[in-house]
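Please walk me through this chain in the viewer. Tell me what to select at each stop, and what is there.

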Amino acid sequence: IYEDLVYLGNDLDGLQIIDISNPLLPTITGSFLPDPAVGFEYTQVIDTLAYAATKQGLYILDVSDPSNPVALGFSASEFGCFRVHVVDSVAYLPESAAGIRMINVTDPTTPVEIGLFPTPDAALWIEIVDTIAYVAERFSGIQMLDISDLTAPDSVGMFPVEYADAINIQGDSLYLASSSWGFKLLDISDRLNPVLLNENPGGGYARDIYTTSTHSYAALRGLG
């Protein structure tokens with residue numbers, strides 16, 4: 001969600017832009033479908049640019065006119081991208097077995113790979129705080145990377161948990177959705193030493209997690 005627009009991606013319809021200025025009457029404003037086989041996993045919008053993680057790679061779109069999104073640049077991925085997190089003109093892409101790929105998007109028409117960190121397990125999700133990247137790895141847990149040098153990211157810690165599907169960070173709190181262990185709340189005030197504060201058993205493969213000041217919401221495949 002960016003301002004009054006929802007950027008919704010799926011396997012069949014590509015990326016749809018939905019106007020929710022009237023929440024009782026959402027309206028499809030525009031769409032982008034480069035190929036029926038492209039599955040859109042996640043989209044981050046910054047100003048007039050949309051960064052879309054897809055099963056083919058990273059698309060960068062001009063969405064200054066939401067009714068007519070235009071592709072500016074593309075960076076292909078062998079394994080597909082599950083998530084994109086853009087900070088300071090760098091796009092961080094969890095690419096499953098490939099690990100974390102870092103793309104310079106200063107020129108959106110010509111994204112350039114500047115770094116790669118191979119993860120021992122499938123990288124599904126990434127959140128960044130200061131110079132620490134928190135990576136959800138499917139069967140290992142949350143790996144912490146020092147990304148102060150983008151050409152040589154370094155592993156600086158691991159919080160082990162099976163089935164780390166999705167994470168969300170608010171301040172010093174990290175919220176983890178796990179299809180095996182439900183929800184976990186971690187204190188990351190010490191950035192390299194997460195501490196488990198609370199957990200709530202549950203199940204279902206989490207496709208996304210969103211946290212407010214009082215609630216956490218998770219989209220679970222097959223469950224809602």
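The tour starts with the whole chain and then goes stop by stop.

**Whole chain**

Keep in mind that this is a predicted model. Show the chain as a cartoon. There are 21 strands and 0 helices. Colour by burial next: of the 224 residues, 48% count as buried. For contacts with a separation of 6 or more, 35% are between residues 24 or more positions apart.

**Stop 1: aspartate 13**

Select aspartate 13. This residue sits in the loop between strand S1 (5-10) and S2. Its relative accessible area is 37%, so aspartate 13 is partly exposed. Not counting residues up to four places away in sequence, aspartate 13 touches Phe32 and Leu33. Serine 31 and aspartate 13 are 18 residues apart in sequence, yet their C-alpha atoms are 8.1 Å apart in space.

**Stop 2: aspartate 19**

Move along to aspartate 19, in strand S2 (residues 14-19). Its relative accessibility is 25%, so aspartate 19 counts as partly exposed. Show side chains here. Those of aspartate 19 and serine 21 are joined by a polar contact of 2.7 Å. Next, show what surrounds the residue. Leaving aside neighbours within four places in sequence, aspartate 19 is in contact with Asp4, Leu5, Leu25, Pro26, Thr27 and Thr29. Then pick proline 66. Aspartate 19 and proline 66 are 47 residues apart along the chain, with 9.1 Å between their C-alpha atoms.

**Stop 3: aspartate 88**

Jump to aspartate 88, in the loop between strand S8 (85-87) and S9. Check the backbone torsions. Most residues other than glycine have a negative phi. Aspartate 88 is not a glycine, but has a positive phi of about 50°. With 72% relative accessibility, above the 50% cut-off, aspartate 88 counts as exposed.

**Stop 4**

Select residues 90-94, which are strand S9, together with S10. The two run antiparallel and are joined by 5 bridges. Find valine 90: it stands opposite asparagine 104 in S10. S9 and S10 form a hairpin with 5 residues between them.

Zoom in on serine 96, in the loop between S9 and S10. Serine 96 has a positive phi of about 50°, although it is not a glycine. Is serine 96 buried or exposed? Its relative accessibility is 17%. The cut-off for buried is under 20%, so serine 96 counts as buried.

Now select residues 100-104, strand S10. Of its 5 residues, 4 are buried, so strand S10 is largely enclosed by the rest of the structure. On to strand S11 (residues 112-117), which runs antiparallel to S10 and is joined to it by 5 bridges. Isoleucine 103 stands opposite glutamate 113 in S11.

**Stop 5: the sheet S12 to S15**

Select S12, S13, S14 and S15. They make an open sheet of 4 strands, in the order S12-S13-S14-S15, with antiparallel pairing. Which strands stand at the edges? They are strand S12 (123-129) and strand S15 (154-160). Each has a single partner strand, so one side of each is left without a neighbour in the sheet.

Focus on strand S14 (residues 141-146). S14 and S15 pair in the antiparallel sense over 6 bridges. Pick aspartate 146, which stands opposite aspartate 154 in S15.

**Stop 6: the largest nonpolar core**

Show nonpolar side chains. The largest nonpolar core has 18 residues. Those with the most contacts inside it are Tyr134, Ile142, Ile167, Ile169, Leu174 and Leu176. At least two core residues come from each of S12, strand S13 (132-137), S14, strand S16 (164-170) and strand S17 (173-178). Which strand gives the most to this core? It is S16, with 4 residues.

Finish on isoleucine 142. Not counting residues up to four places away in sequence, isoleucine 142 touches Tyr134, Val135, Gly157, Met158, Phe159, Ile167, Leu174, Leu176 and Leu186.

How values were computed:
Residues are numbered from 1 along each chain as its sequence is written. This is a predicted model: local features need pLDDT of at least 70, side-chain atom pairs count only at pLDDT 80 or more; totals for chains, interfaces and linings use all residues. Side-chain values use heavy atoms; hydrogens and water are left out. Buried means under 20% relative accessible area, exposed over 50%, partly exposed in between (1.4 Å probe, protein chains only). Contact means heavy atoms within 4.5 Å. Two strands pair if DSSP finds at least two bridges between them. A polar contact is a pair of N or O atoms within 3.5 Å; within protein, one must be able to donate a hydrogen and the other to accept it, and residues adjacent in sequence count only if both atoms are side-chain atoms. A nonpolar core is a set of buried Ala, Val, Leu, Ile, Met, Phe, Trp, Tyr and Cys residues joined through side-chain atoms within 4.5 Å.
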